[in-house]
Amino acid sequence: FIVVYDAQRLVEGQVPYRDFFNFIPPGVFLFLAPLFRVTGGATLTAGRYASAGAIVGAFLLLAWAFRRRGWSWALAASWAAVVPVALYGFWAIPSHHWLGAACVAGFLVAMAQPGESGGKAWLFAGVAVGLAGLFVQTLGVAILAVLITLLLLAAPRKGQAAALGVSGVLAVFGPVLAGLWAWGALGPFFKDVILWPARNYSREGNENAGAALQDLPWRLGDLWTALAAKPSLGQAVTSLSGFLLYGGLVLAGSAILSIAAASLGRMIASRRLKDPWTTAATLVTFLLLGLGARGSANWLHLVFLLAVLGPLWIVALGTSWAVWKRGPRVLVIALTGVLLAGGALFHMRGLWSHCPEGWEWRDVDRPIREQAVNRFLRSPGVLTPGDTIAAFPEGGEVYLYSAPAAVGYTYFLPLNRHYNSLEDHRAVARQIRVNRPKWILLTPGMERAYLDPASPIATEILMGYQRQGVMENAVLYKRKTGIAPEGTEP
């Protein structure tokens with residue numbers, strides 16, 4: 001909801017970073033906003049199908065890149081299918097990570113044979129690097145490192161290749177940065193997208209901090225609990241395929257790390273670099289792991305890493321596959337089969353007990369749009385044209401279906417110097433005071449935290465709003481006085 005609603009903000013004429021906060025680079029908003037203009041507004045439905053289209057595009061590009069590196073079409077298509085079949089289902093939404101992975105796939109096509117690539121290939125590679133950075137900061141840095149490595153080790157005409165690569169990057173970033181400057185958003189862009197993640201994203205004390213894969217035990221525990229409770233056939237298939245998929249991905253990640261470590265060890269021992277692609281893949285593996293340690297190291301982010309590192313290593317190993325011994329080849333092919341079978345069965349788990357109706361394909365938004373809170377906010381007399389609302393911590397799921405946001409944070413947490421600081425709370429309190437939202441919604445579990453006397457938001461709420469009651473998962477506060485809406489509890 002955060003990404004989708006912030007793209008809707010662009011449709012409404014707002015400028016990212018100047019008018020609203022987000023630490024995600026602008027690529028995903030620039031990708032979705034034109035689509036929403038065509039479809040008549042932001043919807044999860046349009047976003048989901050756009051995301052699925054990007055993943056299909058990534059699959060086709062990856063298969064093409066692998067084939068260019070010498071893999072057979074059967075193996076190229078099988079390994080490319082791991083991204084949409086085994087990985088995408090963990091986060092099947094219009095995420096900037098998937099769009100960035102599609103850019104990496106395009107880069108791999110352009111640079112599959114760097115020593116034989118003409119000028120256009122280096123230009124396209126630069127464009128792909130720029131687009132990747134426009135979607136995910138760390139991904140742009142990593143793929144730029146690959147481009148520089150290939151340039152130094154493989155480009156026949158290094159000066160020309162460098163000029164074309166830089167031109168490709170600037171062709172993407174130049175217009176975006178110029179537009180942000182013209183709209184007075186260049187400074188806020190660097191503050192929100194570069195400085196804020198570097199300082200705050202996984203700082204101790206916020207929700208992104210934690211040990212690597214700390215969520216994997218409870219994910220597997222849920223599968224085991226379901227399997228141990230005399231499940232139906234569909235539930236049993238879901239749990240067993242889930243174990244296969246999680247285990248296969250952990251094994252794949254471990255194999256990538258082991259290959260990279262062995263490659264690095266050989267380069268250090270011999271004091272010589274490997275071939276260009278192996279050198280690049282080794283460098284980027286440790287670069288992305290190091291950057292990942294600065295961010296969230298949960299299961300989902302491992303999935304995003306595998307969507308990039310897996311293809312990089314398949315490209316790097318393409319020229320040596322023919323000399324592999326039969327045993328390792330069989331193991332790799334078997335692992336691919338496990339990932340594809342486990343991914344297909346596990347991510348289709350909803351179909352084991354439910355046959356989707358037509359509207360579920362056409363209107364993904366309906367379950368959220370028709371929740372009691374959204375129906376209430378759309379009821380006659382509750383809101384009038386020009387009214388705004390504020391919903392915390394995440395407001396996209398009500399802003400999309402009721403009224404615009406009064407504040408410039410679609411996701412906003414209680415006072416916490418490690419995430420949303422006192423400075424942020426002062427900014428939001430000022431926006432509440434100026435924009436005077438008709439309603440303020442808080443989640444019951446966080447109501448007390450938002451009313452922390454140390455936060456200026458608490459002052460605005462307690463002085464200017466009256467608590468109306470609880471409806472579903474929202475505590476409703478109305479500006480000035482009002483009658484508690486039907487369906488609320490004191």
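**View 1. The exposed and buried sides of helix 21 in a predicted model**. Helix 21 spans residues 456–464, and its buried residues (under 20% relative accessible area) are Ile-457, Ala-458, Glu-460 and Ile-461. Seen down the helix axis, these buried residues fall within an arc of 165°, so they line one face of helix 21. Among the elements covering them are helix 19 (422–435), helix 20 (447–450) and strand 3 (465–471); contact means heavy atoms within 4.5 Å.

**View 2. Ala-54 in helix 3**. Helix 3 covers residues 44–68. Ala-54 is buried, with a relative accessible area of 15%. Leaving aside residues up to four places away in sequence, Ala-54 touches Leu-99 and Ala-102.

**View 3. Helix 5 against helix 6**. The axes of helix 5 (residues 96–110) and helix 6 (residues 119–135) come within 8 Å and cross at roughly 170°. The two helices are therefore roughly antiparallel (angles over 145 degrees, on a range from 0 to 180 degrees between N-to-C directions). Residues making the contact include Leu-99, Cys-103 and Phe-107 of helix 5 and Phe-124, Ala-128 and Leu-131 of helix 6. By class, this contact has twelve nonpolar, three polar and no charged residues.

**Notes on the model.** Residues are numbered from 1 along each chain as its sequence is written, and side-chain values use heavy atoms, without hydrogens and water. In this predicted model, local features need pLDDT of at least 70 and side-chain atom pairs count only at pLDDT 80 or more, while totals for chains, interfaces and linings use all residues.

Terms used: Buried means under 20% relative accessible area, exposed over 50%, partly exposed in between (1.4 Å probe, protein chains only). Helices (H or I, at least four residues) and strands (E, at least two) are DSSP runs, numbered from the N terminus. The arc is that of the directions from the helix axis to the C-beta atoms. Angles under 35 degrees count as roughly parallel, over 145 as roughly antiparallel, 65 to 115 as roughly perpendicular and the rest as oblique. Ala, Val, Leu, Ile, Met, Phe, Trp, Tyr, Cys and Pro count as nonpolar, Asp, Glu, Lys and Arg as charged, and the others, Gly among them, as polar.
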